[in-house]
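I opened the structure today and kept short notes on what I looked up. The entries follow in the order I made them.

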Amino acid sequence: MIATVFSEETEINAFRVLIVDDEKSMREFLSIMLRKEGYAVTVAAHGPEALSLIEKEIYDLVISDVKMPGLSGIDVLKAVKAAAPSTIVLMMTAFASTETAVEAMREGAYDYLTKPFKIDEVKLVVRNALERKQLQDENSRLKQVVHDRASFEQIVGRSDKLTKVLDLIRKVADTNSNVLISGESGTGKELVARAIHYNSRRRDRPFVTVNCSALPEPLLESELFGHMKGSFTGAVSNKEGLFEIANEGSLFLDEIGDTPLGIQVKLLRVLQEKEFRRVGGTRDLKSDVRIVAATNRDLEKAIAEGRFREDLYYRLDVIPIRLPPLRERPDDIPLLVDVFLRKFALEMEKAVMRIEPDAVALLCQQEWRGNVRELENVMERIVALTSGGTIGLEQVRDCVPRSSEDAVAMTLPSNGLDLEGVMATIEKDLLLKALQRTSGVKKNAAGLLGLDFRSFRYRLSEYGIR
C-alpha cells in the first residue's frame, strides 16, 4: 500500500519527503511527526514501491530503513542517487554496524540513524539535511545565473569582426595561457573575461576582479598580495590577497595599463615564479592563478615612454584579444538595440515595445564613443521616457547625444577662412568616416551620406580615396 499524507498547512513549495520502511508503525510515526513540521510526506512499505515512486517524482529527502524484504535500503539509496543525485538520503536501522554505515555513506547517504531514536533527534537531523539541500539548490541556481551571464550568448553581435573575436575566445578559453584584452572603454572587456573563465577548466573555482586604476599603490599592493598584521598603519589583522583568494581560478586585472611600476615588478615575479609574499610577510606563497588582464591604453606606447614594463607586457600578452569599438561593427547595433529594449522593458515592467526603423537608423548613425555601454545607457533612457508601446524617431532624437547628431559647427576667424578648402576637408573626412562605419561597403556608405552611388563614387575619385 502506498499513501500520500499532506498537512492542511502544507504549501505547494513544501519539502517533499519519502519514508520507506516495512514497519507500518514506524511509517505512521514518522509521517505524523514530519507532517506536523509542515513537510509533504509520502510513504512506501518496501523497496519496489519506493522505486516506483522515485520514477514518478523527485523528492527533497528520502528516509529509508536498511533491512527490508526484497530490495534493501542500500538498493533504494543507489536508485535514488541514480535518479536524482541532489536528493538527500537518511538511512535508519535497528541493527547498526560499522560496515553498513560505511557502505551507506560511501553510496551517498547524508546521515545514519539508529533505532530507537528520539523525536527531537530526528527533527534536528531532518532539518539540517533539508537546509543543506536548500543551500545546494541555491548554489546551483546562482552558478547557473553566473554561467548565463558569462555565456557567449551575452556577447551580442554577428559582424565579421566580433565573430572572429568570439572564435578566438572559444579556442583559448580552456587553456591556462594568460590573456590580454584591449579595447576602448565600454566595449565589454570584463564580459569577455568572464566568458573565458566560465568556459574554462577553472570554471568551478573563483573568478576575482580588481580595477588597477581605482586604488593607490599601497592599497593595490595589499589588495593583490595581502598583508600581515602590523605591516603598516591600519593593518590590524592578517589579510589574504586576491592571488590567494583566486587560487586555482582566474584573476581579472582591469585597467592593467594604469598599474604603478612598483606593482608591475611584483606582478612579474608572480607570473614568472608562481609565488609571492604578503606585505610584511617572510614566507613565499605558491600561486596557481590564470591572469586575464584588460586595458584601454596603448601599452606599446606606454613601454616606449617608460610607463609600462616590456617584460611584464610579454608575460601578459600570450593571447592578445582586441575588442573592436562599436563604430567598427555598425551592423551589430540593431541587435543590441533589440536586446536592450527587451531587457529594460522587462526591468521596468513595461509591455514589450517596438522601435520604428527610422529610429533604429538614427541610432546606427551615432559615433558611440562610449561604445556598447553608452548605447545601453541611451536605450535605458529611451525606455524609461517612452509611455506608449512604440518608440519613434522623436523619442530617440531626444535621447541621443546632441554632439553626435548635430551638424558640424564652426566659428568664423577674425581674418576670414578658405571656405572651399574647409568644405573640402569636411567632405573628405565624412566620406572616410562613412566608409569606416560600413566596413568599406560603398553602397551603404553612400546611403549614410544621402548620396546616390554614382555621386558617391565621383567624390571618392575627386579626393583620391580608394
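Where is Leu417 found? I located Leu417 in the loop between helix H17 (402–405) and helix H18 (419–437); helices here are DSSP runs of H or I with at least four residues, strands are runs of E with at least two, and both are numbered from the N terminus. I noted that this is a predicted model, where local features need pLDDT of at least 70, side-chain atom pairs count only at pLDDT 80 or more, and totals for chains, interfaces and linings use all residues. Residues are numbered from 1 along each chain as its sequence is written, and side-chain values use heavy atoms, leaving out hydrogens and water.

**Entry: exposure of Leu417.** I found Leu417 partly exposed, at 37% relative accessible area (buried is under 20%, exposed over 50%, partly exposed in between, with a 1.4 Å probe and protein chains only).

**Entry: Arg202.** I placed Arg202 in the loop between helix H7 (189–198) and strand E8 (207–211). Arg202 is buried, with a relative accessible area of 8%. I then looked for polar contacts (N or O atoms within 3.5 Å, one able to donate a hydrogen and the other to accept it; residues adjacent in sequence count only if both atoms are side-chain atoms). The side chain of Arg202 lies 3.1 Å from the backbone oxygen of Gly249, and a polar atom of that side chain is 3.3 Å from the backbone oxygen of Glu248.

**Entry: cysteines.** How many disulfides does a search of the whole structure find? I got zero disulfides (a disulfide is a pair of cysteine sulfur atoms within 2.5 Å). For Cys399, the closest cysteine sulfur is in Cys364, 16 Å away, so the two are too far apart for a bond. Cys399 is buried at 5% relative accessible area, and Cys212 is buried at 1%.

**Entry: salt bridges.** I counted 30 salt bridges, each a side-chain nitrogen of Lys or Arg within 4 Å of a carboxyl oxygen of Asp or Glu. One of them joins Lys266 and Glu221, with the closest N and O atoms 2.0 Å apart. Lys266 is in helix H10 (residues 261–273) and Glu221 in helix H8 (residues 217–225), so this pair ties together parts 45 residues apart in sequence. Glu221 is buried at 15%, whereas Lys266 is partly exposed at 37%.

I also noted Lys433 with Asp429, at 3.4 Å between the closest N and O atoms. Lys433 and Asp429 are four residues apart in helix H18, so about one helical turn separates them. Last, I wrote down a network of salt bridges with shared partners, joining Arg269, Glu275, Arg277, Asp284 and Lys286.
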